[in-house]
Amino acid sequence: MLNLLKDRLLPLSSGHDNIDTVIEQCCNLWTEHPSAKRTHDMRETIGNLVNKGLVCTGSRGNLSEQIWITDKGMNE
């Protein structure tokens, strides 16, 4: 999942984006997972990645509800 998030976020010049947009786009790519559970499980996985310090969510600059990869996550 971290690699899916990296593939989505790292090409952006800002390195971050709206969390709902990222979740929606990543869920569309997570085809090996049952579609009915993708959004819920994606949010749960992101929460686990936040707890491990690999991903952050929240305000970034003047934008709210953002997601980005931390320095620690970049090395995973």
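Colleague: Leaving aside neighbours within four places in sequence, with which residues is Gln 66 in contact?

Modeller: First, the basis: this is a predicted model, in which local features need pLDDT of at least 70 and side-chain atom pairs count only at pLDDT 80 or more, while totals for chains, interfaces and linings use all residues. Residues are numbered from 1 along each chain as its sequence is written, and side-chain values use heavy atoms, with hydrogens and water left out. Contact means heavy atoms within 4.5 Å. On that rule, Gln 66 is in contact with His 16, Asp 17, Asn 18, Ile 19, Cys 56, Thr 57, Gly 58 and Arg 60, once neighbours within four places in sequence are set aside.

Colleague: Is Gln 66 buried or exposed?

Modeller: Burial is read from relative accessible area: buried is under 20%, exposed is over 50%, and partly exposed is in between (1.4 Å probe, protein chains only). Gln 66 has a value of 5% and is therefore buried. A polar atom of the Gln 66 side chain also lies 3.5 Å from the backbone nitrogen of Asp 17. For such pairs the rule is N or O atoms within 3.5 Å; within protein, one must be able to donate a hydrogen and the other to accept it, and residues adjacent in sequence count only if both atoms are side-chain atoms.

Colleague: In which strand does Gln 66 lie, and how does that strand pair with E2?

Modeller: Strands (E, at least two residues) and helices (H or I, at least four) are DSSP runs numbered from the N terminus, and two strands pair if DSSP finds at least two bridges between them. Gln 66 lies in strand E3. E3 (residues 63-69) pairs with E2 (residues 55-60) in the antiparallel sense over five bridges. Within that pairing, Val 55 has Ile 69 as its bridge partner, and Arg 60 stands opposite Leu 63. E3 is also joined to E1 by three bridges, again in an antiparallel arrangement, with Asp 17 opposite Ile 67.

Colleague: Which residues have a positive phi in this region?

Modeller: Most residues other than glycine have a negative phi. In the hairpin of E2 and E3, with two residues between the strands, Gly 61 has a positive phi near 65 degrees. Glu 65 is not a glycine, yet has a positive phi of about 55 degrees. Glu 65 is placed in strand E3 and is partly exposed, at 47% relative accessible area.

Colleague: Over the face of which ring does Arg 60 lie?

Modeller: A charge sits over a ring if NZ of Lys or CZ of Arg is within 6 Å of the ring centre and within 35 degrees of the ring normal. Arg 60 lies over the face of Trp 68, at 4.5 Å from the ring centre.

Colleague: How many residues of H1 are buried?

Modeller: Six of its eight residues are buried, so that H1 is mostly covered. They are Leu 2, Leu 4, Leu 5, Lys 6, Arg 8 and Leu 9, and they pack against E1, H2, H3, E2, E3 and helix H4 (71-74).

Colleague: Which residues does Asp 41 touch?

Modeller: Asp 41, in helix H3, touches Trp 30 and His 33, not counting residues up to four places away in sequence. Asp 41 is buried, at 13% relative accessible area, and a polar contact of 3.0 Å joins its side chain to that of His 40.
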